[in-house]
Amino acid sequence: MKQVMVVRNDLKMGKGKIAAQCCHGSLGAYKKTNPEKIRKWENEAYAKVVCKVNSLEELLELKKQAIINKVSYYLVVDAGRTQVPTSTTTVLALGPDEDEILDKITGDLKLL
């Protein structure tokens, strides 16, 4: 079991901004996840992985794959107070879910 955060690398956000956006995504996806999956994930050390894509289009394609595979997800849309314009989609958080399912969606991505 793990959770995957996918960051838009094309936005050139700073490290702190990326960390904050990933936290928003992690909590958002967590709240939408089946309680049985949450319990299993909590018993397996809360694994998290952070990957990157180079465009909004790539991020939205991963969202489609999450829907097809019935994986909980959360798209982070920024308020625009600091580094990116208002309503910029920054991160897609997936899961927690089974490694094999998430690997089908994000297994080809590079780590951030």
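**Entry 1: cover of helix H3**

I looked up what covers the buried residues of H3, and the list includes S1, S2, strand S3 (73-77), S4 and H4. I use contact for heavy atoms within 4.5 Å, and I take helices (H or I, at least four residues) and strands (E, at least two) from DSSP runs numbered from the N terminus. I note that this is a predicted model, in which local features need pLDDT of at least 70, side-chain atom pairs count only at pLDDT 80 or more, and totals for chains, interfaces and linings use all residues. Residues are numbered from 1 along each chain as its sequence is written, and side-chain values use heavy atoms, with hydrogens and water left out.

I then listed the buried residues of H3, which are Leu59, Leu62 and Ala66. Throughout, buried means under 20% relative accessible area, exposed means over 50%, and partly exposed lies in between (1.4 Å probe, protein chains only). The three residues cover an arc of only 60 degrees around the axis, which puts them on the same side of H3; the arc is that of the directions from the helix axis to the C-beta atoms. An α-helix has 3.6 residues a turn, so residues three or four places apart point the same way. On the face of H3 turned away from the buried side I found the exposed residues Glu57, Lys64 and Ile68.

For the length of H3, I recorded 13 residues and a reach of 19 Å from first C-alpha to last, close to the 18 Å expected at 1.5 Å a residue. The expected span is 1.5 Å times one less than the number of residues. Just after H3, Lys70 takes a positive phi of about 55 degrees.

**Entry 2: nonpolar cores**

I searched for nonpolar cores, that is, sets of buried Ala, Val, Leu, Ile, Met, Phe, Trp, Tyr and Cys residues joined through side-chain atoms within 4.5 Å. The largest has 12 residues: Val4, Val6, Cys51, Val53, Leu59, Leu62, Ala66, Val71, Leu92, Leu94, Leu102 and Ile105. The elements giving two or more residues to this core are S1, strand S2 (48-53), helix H3 (56-68), S4 and H4. H3 gives the most, with three residues. Another core, of 10 residues, lies apart from this one and has Val7, Val84, Val91 and Ala93 among its members.

I also followed one member of the largest core. Ile105 touches Leu62, Gln65, Ala66, Asn69, Val71 and Leu94, when residues up to four places away in sequence are not counted.

**Entry 3: salt bridges**

I examined some of them one by one.

Asp103 pairs with Lys2, the closest N and O atoms being 2.6 Å apart. Asp103 lies in helix H4 (residues 99-106) and Lys2 in strand S1 (residues 2-8), so the pair ties together parts that are 101 residues apart in sequence. Asp103 is partly exposed at 38% relative accessible area, while Lys2 is buried at 13%.

Asp97 and Lys37 form a salt bridge at 2.8 Å, N to O. Asp97 lies in strand S4 (residues 89-97) and Lys37 in helix H2 (residues 35-42), so this pair ties together parts that are 60 residues apart in sequence. Asp97 is buried, with a relative accessible area of 1%, and Lys37 is partly exposed, at 27%.

Asp10 and Arg8 meet in a salt bridge at 2.7 Å, N to O. Asp10 is partly exposed at 32%, whereas Arg8 is buried at 10%.

**Entry 4: surroundings of Arg8**

I placed Arg8 in strand S1. Leaving aside neighbours within four places in sequence, I found Arg8 in contact with Met13, Val53, Ser55, Leu56, Leu59, Thr88, Thr89 and Thr90.

**Entry 5: backbone geometry**

I checked the backbone for cis peptide bonds and positive phi values. The peptide bond from Gly95 to Pro96 is cis, with omega near 25 degrees, and Pro96 lies in strand S4.

Lys12 has a positive phi of about 55 degrees although it is not a glycine. I located Lys12 in the loop between S1 and helix H1 (15-31), where this residue is exposed at 65% relative accessible area.

Tyr46, also a residue other than glycine, has a positive phi near 55 degrees. Tyr46 sits in the loop between H2 and S2 and is partly exposed, with a relative accessible area of 39%.

Note on methods: Salt bridge = Lys/Arg side-chain N within 4 Å of Asp/Glu carboxyl O.
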